[in-house]
Amino acid sequence: MAELKGALIGCGFFAVNQMHGWRDAEGARIVAICDRDPARLKAVGDEFGITRRYTSAEDLFADGGFDFVDIATTVGSHRALVEMATRRGIATICQKPIAPSMEDAKAMVAACAKAGVPFMVHENFRWQSPIRAAKAAIDSGAIGEVFWGRVSFRSAYDVFSGQPYLATGKRFIIEDLGIHALDIARFLLGDASAVTARTQRVNPDIAGEDVATMLLDHHGGVTSVVDCSYATKLPVEPFPETLLEIDGSKGTLRLSQGYRLSVHSRDATRVEGVEPRLLPWASPPWHNIQESVALIQGHWIECLRAGREPETSGRDNLKTFALVEASYRGAAEGRTVPLAEFL
Ligand code: NAD
């Protein structure tokens, strides 16, 4: 089968991981890149040997010659770029968060549906191999019927040095990091119908919230707690591990710091190391996230070829993004917010 050709827009902090992933991907390669910042464009172009370079996305699309576009810019540009792609009928991947508002997110999903173009949100945390291992254990039935869960990300890692814009936005941890944890909760425990949230700002030097605690009501009666913090100073820094506690009718599952997965049921307790692979281009502690980039890209190639909807399609991701919006509204108004207010 012919190799898929891709273009990447946004050659910033995270896109370098995406470029590494594409370089090693089977069945796809990046043929053109775009960034409005010429220095970043040059750095990525030189590192990955890409000669077709653009400072304008309009010019990139006008020249064409690719099957899909990978949008790795920050959120403010997502809608305009996705709509540009749909006008050219180009299959699209867009980084999370999908959009700054639910209205924009819905418009993007509708535009892709109308144009008949595949649309995936790069929601990669559910593709982390320790999270996939936990999902497989739950699906095996080992812990029985799940009734409660916790998805937790607590750290004091300095994310602001690599991504300074994170310190300046009115919204911070739920939109940037909590969004991943909320998506994992949906992935493991099913869709949610309502959320109750509290937010705090501990670091006085940033504009948004750096601590958030969410209580989710899932369809089917499961309750979960999704908590995240960038103000939690632990003896051993766990960044960027997402930890899990899942209780079922026959046992329990725990994904603990150091990538230890323990599955306890009536007859046995199985403990295994589920450390992610260290890809040749990866660097700890980021290797967990870096591996998930390669895995979601492989999923995209497979889906595009098979004409299948990706797991984290735009349509699916509206349900994760609705949890983000509902958490902010609920925290501001001090009430439980039904997701029906957004979906
Ligand atoms: P960044 O600011 O380092 O990079 C963004 C780049 O996009 C910049 O170089 C900027 O010049 C370019 N850009 C912006 N608008 C443009 C436009 N209209 N046309 C061309 N170029 C444009 O940001 P980042 O930290 O790399 O984040 C990018 C996205 O990736 C964000 O949405 C962020 O939330 C997401 N992200 C995801 C993960 C993950 O694990 N999935 C991790 C980090 C960041």
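How are α5 and α9 oriented relative to each other, roughly parallel or roughly antiparallel? The exercises below treat this and related matters. The model is a predicted one, in which local features need pLDDT of at least 70 and side-chain atom pairs count only at pLDDT 80 or more, while totals for chains, interfaces and linings use all residues. Residues are numbered from 1 along each chain as its sequence is written, and side-chain values use heavy atoms, with hydrogens and water left out.

**Exercise 1. Determine the orientation of α5 and α9 and describe their contact.**

Step 1. Helices (H or I, at least four residues) and strands (E, at least two) are DSSP runs numbered from the N terminus. Two packed helices are described by the angle between their axes and the distance between the axes. Axes are lines fitted to C-alpha atoms, for helices over the stretch in contact, with angles from 0 to 180 degrees between N-to-C directions.

Step 2. The axes of α5 and α9 cross at roughly 175° and come within 10 Å. Angles under 35 degrees count as roughly parallel, over 145 as roughly antiparallel, 65 to 115 as roughly perpendicular and the rest as oblique. The two helices, α5 and α9, are therefore roughly antiparallel to each other.

Step 3. Contact means heavy atoms within 4.5 Å. On α5, Met102, Ala105, Lys106 and Val109 meet Gly314, Arg315, Leu318, Phe321, Ala322 and Glu325 of α9. This contact of α5 with α9 has six nonpolar, one polar and three charged residues; Ala, Val, Leu, Ile, Met, Phe, Trp, Tyr, Cys and Pro count as nonpolar, Asp, Glu, Lys and Arg as charged, and the others, Gly among them, as polar.

**Exercise 2. Classify the packing of α7 against α9.**

Step 1. Helix α7 (residues 173-189) and α9 pack at an angle of about 125°, and their axes are 9 Å apart. That makes α7 oblique to α9.

Step 2. The crossing of α7 past α9 is right-handed; a crossing is left-handed if the near helix is turned anticlockwise from the far one by less than a right angle, and right-handed if clockwise.

Step 3. Among the residues making the contact are Ile173, Leu182 and Arg186 of α7 and Asp316, Phe321 and Tyr328 of α9. By class, the contact of α7 with α9 divides into eight nonpolar, two polar and five charged residues.

**Exercise 3. Classify the packing of α1 against α2.**

Step 1. For helix α1 (residues 15-24) and helix α2 (residues 38-48), the packing angle is about 25° and the axes are 11 Å apart. That makes α1 roughly parallel to α2.

Step 2. The crossing is right-handed. Val16, Met19, His20 and Arg23 of α1 meet Val44, Glu47 and Phe48 of α2, and these residues divide into four nonpolar, one polar and two charged.

**Exercise 4. Characterise the largest cavity and the second largest pocket.**

Step 1. On a 1 Å grid over the protein atoms alone, a cavity is a set of points where a 1.4 Å probe fits but cannot get out, and a pocket is an open set with protein on both sides within 12 Å along at least five of seven lines; lining residues have an atom within 4 Å of a point. Grid points are joined across faces, edges and corners, and a volume is the space filled by probe spheres set on the points.

Step 2. The whole structure holds one cavity of 30 Å³ or more. The largest cavity has a volume of about 40 Å³, and its lining includes Gln128, Glu241, Tyr259 and Asn288. Tyr259 lies in the loop between β12 (251-256) and β13 (260-265), with a positive phi near 55° in a residue other than glycine.

Step 3. The second largest pocket contains about 260 Å³ of space. Of its 17 lining residues, Val117, Pro118, Phe119, Glu309 and Ser313 lie nearest the centre. The elements giving two or more residues to this lining are α5 (102-115), α8 (287-306) and α9 (314-333).
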